[in-house]
Amino acid sequence: MNDMKNKRMEMLAHKWLDHTISQEEKDEFNRWYGKGLDYPVYIAADYAQSDEELRKRMLKVIEDAIRQRRRNNGLWIRTVAAVFVLLSIGIGVYRYQSSEQAVVVKPTTSGKQDIAPGTNEATLILADGSRVLLSDAKNGQLAKQGGVEVSKTTDGQLVYRLSAGTDAAPVGKTVYNTIETPLGGQYQVYLPDGTRVWLNAASSLKYPTSFSAVARREVQLNYGEAYFEVAEDQKHPFIVQSDQQQVEVLGTHFNINAYSEDAVIKTTLLSGKIKLTNLLSKETVVLRPGQQSLIDAAGIQVKTMDDPTIQLWKDGKFLFDNESMVSIMRQVARWYNIKVIYQDPMQDVRITGSVSRFEKLSKLLEKLEQTGLVRFQQQGDQLTVMKP
């Protein structure tokens, strides 16, 4: 690499840490870094205990490397790249029960069958029990139930509307539909009141086809994860029932993570206000924007998110908040529809940050490996997780 290119990458490195880098410059830096992925990357195993410490240490590494550039021409480039890959994948904090020794991180073995990320895929179960595979169904009207039309849009959404010329659905027995996503699937639903729901992989939501004859708009998150943007209606509270908890809102944006294999139910509030009740202990809390509740056998805990505006899974990100590697791999397994086994215990490995959900599996694993905390071996749809 010539000296002019060195100076250019040095400038981009400083701009990134100073928060003055543009998106185009970030892309340029990542393209440059990507050219060197055939070589080992050296990263400390226990790098920092906070975002601020991480930034200071990265800046120090970069500046020290620049000072040594003349004595070791070219070596600083790989050192800076090793540090900046952490920023490029959004990783902020690393905790690992080990000494601060450098580890060699090699890219995930190429040449094996790669696995694409999940897609818009779900099954709609109508009131009469019939099932409609939405990925195969044609766009347009799918069904008509008691004055309500159910349609599929071109961009992977299910929409409920009153039939033309109908002011309200007939009063009578409430009719329910259920939408289920498989492993490797997601879908969006517009409920009859205008509430918008994003359903993550391996999730199930039950809801009435009309809210016109009910005092409370109640839906059931049978299992999995869903993000809600609730249409405001002061006279008709919106209720989400899920395992162990009930959430009551008037109009707000929030996310519920209630997978049965996870020990904790997480509810994250982005805007508005919700009242959350633990159905086992009957304990109640009120969440404010930027707060997250965690329900487990011990009861309810409430914490404030470091970044209340952070993007969630529905925005195309895996979000890790001091997340264990076991929990991370559960998310990866659901989205890529793979089997995960562990060669080494991983309970002591925790990561904070975010990674795109729309990378192919090999690229996502490569980025996780570059933290220096984990190594993977893939064989077909089976993934083995190991320590470096």
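Helices (H or I, at least four residues) and strands (E, at least two) are DSSP runs, numbered from the N terminus. The structure described here is a predicted model, in which local features need a pLDDT of at least 70 and side-chain atom pairs count only at pLDDT 80 or more, while totals for chains, interfaces and linings use all residues. Residues are numbered from 1 along each chain as its sequence is written, and side-chain values use heavy atoms, with hydrogens and water left out.

**Confidence**

The score pLDDT is the predictor's confidence in each residue, from 0 to 100. The protein chain averages 78, and 70% of the residues score at least 70. Over residues 36-51 the pLDDT is below 50, and this stretch has 60 contacts in the model beyond near neighbours in sequence; a contact means heavy atoms within 4.5 Å. Residues 69-111 also stay under 50, with 130 contacts beyond four places in sequence.

**The second largest pocket**

Rolling a probe the size of a water molecule over the atoms shows where empty space is left. On a 1 Å grid over the protein atoms alone, a pocket is an open set of points where a 1.4 Å probe fits, with protein on both sides within 12 Å along at least five of seven lines; lining residues have an atom within 4 Å of a point. The volume of the second largest pocket is about 720 Å³, where a volume is the space filled by probe spheres set on the points. Its lining has 33 residues, and Asn257, Lys266, Glu323, Ser327 and Gln331 lie nearest the centre. Strands E17 (253-258), E18 (265-271), E21 (291-296) and E23 (317-324) and helix H5 (325-336) each give two or more residues to this lining. The largest share, seven residues, comes from E23. By type, the lining divides into twelve nonpolar, nine polar and twelve charged residues. Here Ala, Val, Leu, Ile, Met, Phe, Trp, Tyr, Cys and Pro count as nonpolar, Asp, Glu, Lys and Arg as charged, and the others, Gly among them, as polar.

**Buried and partly exposed residues**

Buried means under 20% relative accessible area, exposed over 50%, and partly exposed in between (1.4 Å probe, protein chains only).

| Residue | Relative accessibility | Class |
|---|---|---|
| Gln245 | 0% | buried |
| Thr195 | 0% | buried |
| Ala202 | 17% | buried |
| Asn337 | 42% | partly exposed |

Gln245 lies in strand E16 (residues 245-249). Its side chain is joined to that of Thr267 by a polar contact of 2.8 Å. A polar contact is a pair of N or O atoms within 3.5 Å; within protein, one must be able to donate a hydrogen and the other to accept it, and residues adjacent in sequence count only if both atoms are side-chain atoms. Beyond four places in sequence, the contacts of Gln245 include Ile256, Leu276 and Ile295.

Thr195 sits in the loop between strand E11 (185-190) and E12. The side chains of Thr195 and Asp193 form a polar contact of 2.9 Å, and a polar atom of the Thr195 side chain lies 3.0 Å from the backbone nitrogen of Ala231.

**Positive phi**

Most residues other than glycine have a negative phi. Ala202, although not a glycine, has a positive phi of about 55°; its place is the loop between strand E12 (196-199) and strand E13 (204-208). Asn337, also not a glycine, has a positive phi of about 55° and lies in the loop between H5 and strand E24 (339-342).
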